[in-house]
Amino acid sequence: MIVPGYRDHPTERWDPIAPVDPGEAEDFLRQCYLENARLGPVEPRLAIVRAQIAATGGYVHTTEELAYGAKMAWRNASRCIGRLYWRSLVVLDRRRARTADDIFSLLVHHLQVAGGGADKPGAIRPVISIFPPALPGQPYARVWNEQLVRYAGYRTEDGSSVGDPRNEQFTAAMQGFGWRGKGEAFDVLPVAIETPGEGVRLYELPERAIHEVPLTHPEFGWFAELGMRWHAVPAIANMRLTIGGVQYPLAPFNGWYMGTEIGARNLADEDRYNMLPIVAARMGLDTSRESTLWRDRVLVELNRAVLHSFEKAGMKITDHHTESARFITHLRNEEKAGRRVPADWSWIVPPMSGGITPVFHRYYEELDLRPNFYLDPEAQALSQHGSRCPVTG
């Protein structure tokens, strides 16, 4: 069976004009109220929701439904290895926000709360901010950025790249709106907020919201000279949250980093910062042939540096061995609760030393369960190219 959202099979396209599906609303409410006995019987609530959908094409979630629906969406997110903590998600109800200024202020607050706040700096917490839902046939607010914090990428005159090549087209689009970065390797991009009444507006994140960690190595003193750093809160900003048929196009959420996301992908991939050859040269490794396993040796040291630096800075992070074991615990917990766990093997298995983690040696169910998060084609185009259509050339 081909399941939407797995590998290269696209999810069903969302129709912004269509009313809420009463069947999806009922399925969610029945499950929500079954798992939360304190909410009382579901039948009276179903009667109200059916009437609202018949009259308006949609319905309004209660605060409790919204919060638990968001937690269920995390629980159903097949590509996330960190779902053991789904009940701990901090849900911020931002459905009253309308203007770009209001939205940006609340996004800054999100990053501050996620970073642990003034009382516990570095104690990264899983947080989601849920802004107004999309109403059938009406425009809605959105953030263009893939994540609230991302680094700019620049193409120089000689054809070389500075910063994150992944974001070169988006950076160029932001420059087209008048933004000017420093042209350095770790320039934080502005947040592009689009609202129905104001169009697109750009905002610079304040330093207090970014939580960056300079990267050093526990043994190599020269490592700090490379000038690498990374932000501590991976807040995904462009995925649509669906709960009971109601669509929330602006619902940024974060957990905390697993070290390999930074050390084995962001900094190591050839189409990203491509640091393996640079670090290998400083280590004095033989890179003339692959059989020396120089890439593997550098990858270990790069990931050691990430974990060491975050721990030294007091910023929460996890390693891939610990998180893999915790995911197995999550599977067992859900099995005891009588729930199925959707999981995409290609995302759950870490990008480093996968074969020696417990998540490698098993198969997973490929399921499209809701509530859930989805990346729509238009949102993906905006985050990659800074336009609704892919940019070529």
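Biologist: Hello! Which ground rules come with this model?
Modeller: This is a predicted model, where local features need pLDDT of at least 70 and side-chain atom pairs count only at pLDDT 80 or more, while totals for chains, interfaces and linings use all residues. Residues are numbered from 1 along each chain as its sequence is written, and side-chain values use heavy atoms, with hydrogens and water left out.

Biologist: Which residue in E14 stands opposite Leu 241?
Modeller: Helices (H or I, at least four residues) and strands (E, at least two) are DSSP runs numbered from the N terminus, and two strands pair if DSSP finds at least two bridges between them. Strand E11 (residues 240-243) is joined to E14 by three bridges, and the two run antiparallel. Leu 241 also touches Ala 73, Ile 128 and Tyr 248, among others, where contact means heavy atoms within 4.5 Å. The residue opposite Leu 241 in E14 is Phe 373.

Biologist: Which helix packs on the sheet that holds E11, E12 and E14?
Modeller: The sheet is open and antiparallel, with its three strands in the order E12-E11-E14. Strand E12 (246-248) and strand E14 (372-374) are the edges, each pairing on one side only. Neighbouring strands are turned by 30° against each other on average, direction ignored; axes are lines fitted to C-alpha atoms, for helices over the stretch in contact, and angles run from 0 to 180 degrees between N-to-C directions. The helix that touches E11, E12 and E14, at about 115° to the direction of E11, is H3 (residues 63-75).

Biologist: How many residues lie between E6 and E7 in their hairpin?
Modeller: Five bridges join E6 to E7, and the two run antiparallel. Val 191, for example, has Tyr 203 in E7 as its bridge partner. The number of residues between E6 and E7 in the hairpin is three.

Biologist: Which residues of E6 point the other way from Val 191, Ile 193 and Thr 195?
Modeller: E6 is mostly covered, with five of its five residues buried. E6 also pairs with E3 in the antiparallel sense over two bridges, and Arg 142 stands opposite Glu 194 there. Pointing the other way from Val 191, Ile 193 and Thr 195 are Ala 192 and Glu 194.

Biologist: Which residue just after H5 takes a positive phi?
Modeller: The buried residues of helix H5 (residues 168-176) are Glu 168, Phe 170, Thr 171, Ala 173 and Met 174. They pack against several elements, including strand E4 (153-155) and helix H11 (377-385). Just after H5, a positive phi of about 110° is taken by Gly 178.

Biologist: How far apart in sequence are the parts that Trp 144 and Phe 177 tie together?
Modeller: Rings of Phe, Tyr and Trp (its six-membered ring) pair if their centres lie within 6.5 Å; planes under 30 degrees apart count as stacked, over 60 as edge-to-face and the rest as tilted. Trp 144 and Phe 177 are edge-to-face, at 5.9 Å centre to centre with 70° between the planes. Trp 144 is buried at 5%, whereas Phe 177 is partly exposed at 42% relative accessibility. Trp 144 lies in the loop between E3 and E4 and Phe 177 in the loop between H5 and E6, so the parts tied together are apart in sequence by 33 residues.

Biologist: Is Arg 272 buried or exposed?
Modeller: Arg 272 sits in the loop between helix H6 (259-266) and helix H7 (276-283). Its contacts include Asp 164, Trp 230 and Arg 265. Because its relative accessible area is 7%, Arg 272 counts as buried.

Key:
Buried means under 20% relative accessible area, exposed over 50%, partly exposed in between (1.4 Å probe, protein chains only). Lists of a residue's contacts leave out its neighbours within four places in sequence.
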